[in-house]
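Please look over the sequence and the three-dimensional structure shown here before reading the report.

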Amino acid sequence: MATRTVSAAGGNFNATGTWVGGVVPIANDDIVANATSGNLTLTAQPPNLIGANFTGYTGTFAMGTFNLNSSGTVTLGSGMTLTG
């Protein structure tokens with residue numbers, strides 16, 4: 001279980017360039033998007049994540065189906081845009 005951060009470039013969820021360190025999140029990872037993160041788009045169903053933290057995020061999160069573990073949490077940022 002790891003925490004993966006959306007890079008400044010942002011992009012599609014399943015693309016390595018979207019993530020700091022070039023590793024796409026897998027099941028039981030957390031994701032973080034912050035003020036330096038680019039826009040994030042779900043183009044395919046992601047794995048079951050532990051959580052998603054968008055505190056401080058000012059980009060756009062374009063989501064479709066979003067999977068969390070049964071105890072997972074999502075924290076949205078007040079400055080972000082959510083589309084679906």
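The report below goes from the whole chain to its strands, its core and some single residues.

## Basis of the model

This is a predicted model, in which local features need pLDDT of at least 70 and side-chain atom pairs count only at pLDDT 80 or more, while totals for chains, interfaces and linings use all residues. Residues are numbered from 1 along each chain as its sequence is written, and side-chain values use heavy atoms, with hydrogens and water left out.

## Overall form

The protein chain has zero helices and eight strands, where helices (H or I, at least four residues) and strands (E, at least two) are DSSP runs numbered from the N terminus. Read from the N terminus on, the elements therefore follow the pattern β-β-β-β-β-β-β-β. The C-alpha atoms fill a box of roughly 25 × 25 × 20 Å, taken along the principal axes.

Among contacts (heavy atoms within 4.5 Å) between residues at least 6 apart in sequence, 28% join residues at least 24 apart.

## Strand pairing

Strands of a sheet pair through backbone hydrogen bonds, either parallel or antiparallel. Here, four strands form an open sheet in the order S2-S4-S6-S8, and the pairing is parallel; two strands count as paired if DSSP finds at least two bridges between them. S2 and S8 are the edge strands, each of which pairs on one side only. Between S2 and strand S4 (residues 40–41) there are two bridges in the parallel sense, and Gly11 stands opposite Leu40 in S4.

## Core and aromatic rings

In soluble globular proteins, nonpolar side chains tend to be buried together. The largest nonpolar core in this model has 14 residues, and those with the most contacts inside it are Phe13, Ile31, Leu40, Phe54, Tyr57, Phe61 and Phe66; such a core is a set of buried Ala, Val, Leu, Ile, Met, Phe, Trp, Tyr and Cys residues joined through side-chain atoms within 4.5 Å. Leaving aside neighbours within four places in sequence, Phe61 is in contact with several residues, including Leu40, Phe54, Phe66 and Leu82.

A search of the whole structure finds three aromatic pairs. Rings of Phe, Tyr and Trp (its six-membered ring) pair if their centres lie within 6.5 Å, and planes under 30 degrees apart count as stacked, over 60 as edge-to-face and the rest as tilted. Phe13 and Trp19 form an edge-to-face pair, at 5.3 Å centre to centre and 80 degrees between the planes, whereas Phe54 and Tyr57 form a tilted pair, at 5.6 Å and 50 degrees. Ring pairs link Phe54, Tyr57 and Phe61 into a cluster. Phe54 is buried, because its relative accessible area is 1%, and Tyr57 is buried with a value of 0%.

## Residues in the loops

Thr18 is found in the loop between strand S2 (11–12) and strand S3 (30–32), and Thr18 counts as buried because its relative accessibility is 1%. Its contacts beyond four places in sequence include Thr5, Gly11 and Leu40. Asn28 lies in the loop between S2 and S3 as well, but Asn28 is partly exposed, with a relative accessible area of 37%. Asn28 has a positive phi of about 75 degrees although it is not a glycine; most residues other than glycine have a negative phi.

Leu76 has its place in the loop between strand S7 (68–75) and strand S8 (81–83), and Leu76 is partly exposed because its relative accessible area is 49%. Leu76 and Phe54 are 22 residues apart in sequence and 4.9 Å apart in space, C-alpha to C-alpha. Not counting residues up to four places away in sequence, Leu76 touches Phe54 and Leu82.

Definitions and conventions:
Buried < 20%, exposed > 50% of the residue type's maximum accessible area, 1.4 Å probe, protein only.
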